[in-house]
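The sequence and structure come first.

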Amino acid sequence: MTQATFEKEITALLLIDPYNDFISEGGKLWGRIKTVAEANECIAHMLQLLTAARAAGIRVFYAMHHRYRPGDYETWKYTAPIQKGAWSRRTFEYGTWGGEFRAEFAPQPGDIVAHEHWCSSGFANTDLDLQLKRHGIQRLIVAGLIAHTCVESTVRQAVELGYEVTMVKDATADYAEEFMHAALVTNLPNYASAIVSTEEVINSISSLESLEMTAH
């Protein structure tokens, strides 16, 4: 894996699914990812990345899962298992606390929230690719939930679409360590140009700030 270096004009932080249902105590899926998320300090690292990106002037994009609304799936002819699970649990239900951004991760002016995706990839049937291209983005720093589904699917499609991806390995979580291993060790090294720690990314981002301050 190559070392992560960034140019802020063409780089964006892409945060995936920072919903209360995933990353807040009492969320519908928090109990399932809690062990892994607490072991690698996923939430703290996600927040560190977000803070560092904003401080460095790196634009922030959000790829959010569809928020369940009654009637969403009832008339579908085919429903994927992951969608059946969301349907049965009413995961990220629209209009509820679980379907809201965890407060620390709420978008700020200038951030871009792409249309919600219906399955796993943040690019599928959304405007994410359009928004990234219109903002001149070519490189993505990816963090969020969960490693072997939405994160992996989004990274794979990003590469298919021509983006260079840096995956932040300790700013994601999953239901079990073996799922994390499958995503971060087995699969994503085939797609992400770098799989690095939050500390490594922040050090690279901080150097951008230093260079800019020196230039002025």
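Strand 1 (residues 11-16) and strand 4 (residues 139-144) pair in the parallel sense over 6 bridges. Helices (H or I, at least four residues) and strands (E, at least two) are DSSP runs numbered from the N terminus, and two strands pair if DSSP finds at least two bridges between them. In this pairing, Leu 13 stands opposite Ile 141 of strand 4. Strand 1 also pairs with strand 2 (residues 59-63), again in the parallel sense, over 5 bridges; here Leu 15 is opposite Tyr 62 of strand 2.

Buried stands for under 20% relative accessible area, exposed for over 50%, and partly exposed for values in between (1.4 Å probe, protein chains only). Both faces of strand 1 are covered, with Thr 11, Leu 13 and Leu 15 on one side and Ala 12, Leu 14 and Ile 16 on the other.

The model is predicted: local features need pLDDT of at least 70, side-chain atom pairs count only at pLDDT 80 or more, and totals for chains, interfaces and linings use all residues. Residues are numbered from 1 along each chain as its sequence is written, and side-chain values use heavy atoms, with hydrogens and water left out.

The largest nonpolar core has 66 residues, and those with the most contacts inside it are Ile 33, Leu 132, Leu 140, Val 142 and Met 167. Helix 3 (residues 42-56) supplies the largest share of this core, 8 residues. A nonpolar core is a set of buried Ala, Val, Leu, Ile, Met, Phe, Trp, Tyr and Cys residues joined through side-chain atoms within 4.5 Å. In soluble globular proteins, nonpolar side chains tend to be buried together. Leaving out residues up to four places away in sequence, Ile 33 touches Phe 22, Ile 23, Leu 145, Ile 146, Ala 173, Asp 174 and Tyr 175, where contact means heavy atoms within 4.5 Å.

Which residues of helix 7 (residues 177-187) are buried? They are Met 180, Ala 183 and Leu 184. These residues lie on the same side of helix 7 because they cover an arc of only 75° around the axis, the arc being that of the directions from the helix axis to the C-beta atoms. An α-helix has 3.6 residues a turn, so residues three or four places apart point the same way. The buried residues of helix 7 pack against helix 2, helix 6 (147-160), strand 5 (164-172) and strand 6 (194-196).

Ser 24 lies in the loop between helix 1 (20-23) and helix 2 (30-39). A polar contact of 2.7 Å joins its side chain to that of Asn 20; such a contact is a pair of N or O atoms within 3.5 Å, where within protein one must be able to donate a hydrogen and the other to accept it, and residues adjacent in sequence count only if both atoms are side-chain atoms. Beyond four places in sequence, Ser 24 touches Tyr 19, Trp 30, Trp 97 and Arg 102. Ser 207 lies in helix 8 (residues 198-215), and its C-alpha atom is 43 Å from that of Gly 85, 122 residues apart along the chain.

A search of the whole structure finds 0 disulfides (pairs of cysteine sulfur atoms within 2.5 Å). For Cys 42, the nearest cysteine sulfur, that of Cys 150, is 13 Å away. The sulfur of Cys 119 is 7.7 Å from its closest cysteine sulfur, in Cys 150, too far for a bond.

| Residue | Relative accessibility | Class |
|---|---|---|
| Cys 42 | 0% | buried |
| Cys 119 | 31% | partly exposed |
| Ser 24 | 7% | buried |
| Ser 207 | 35% | partly exposed |
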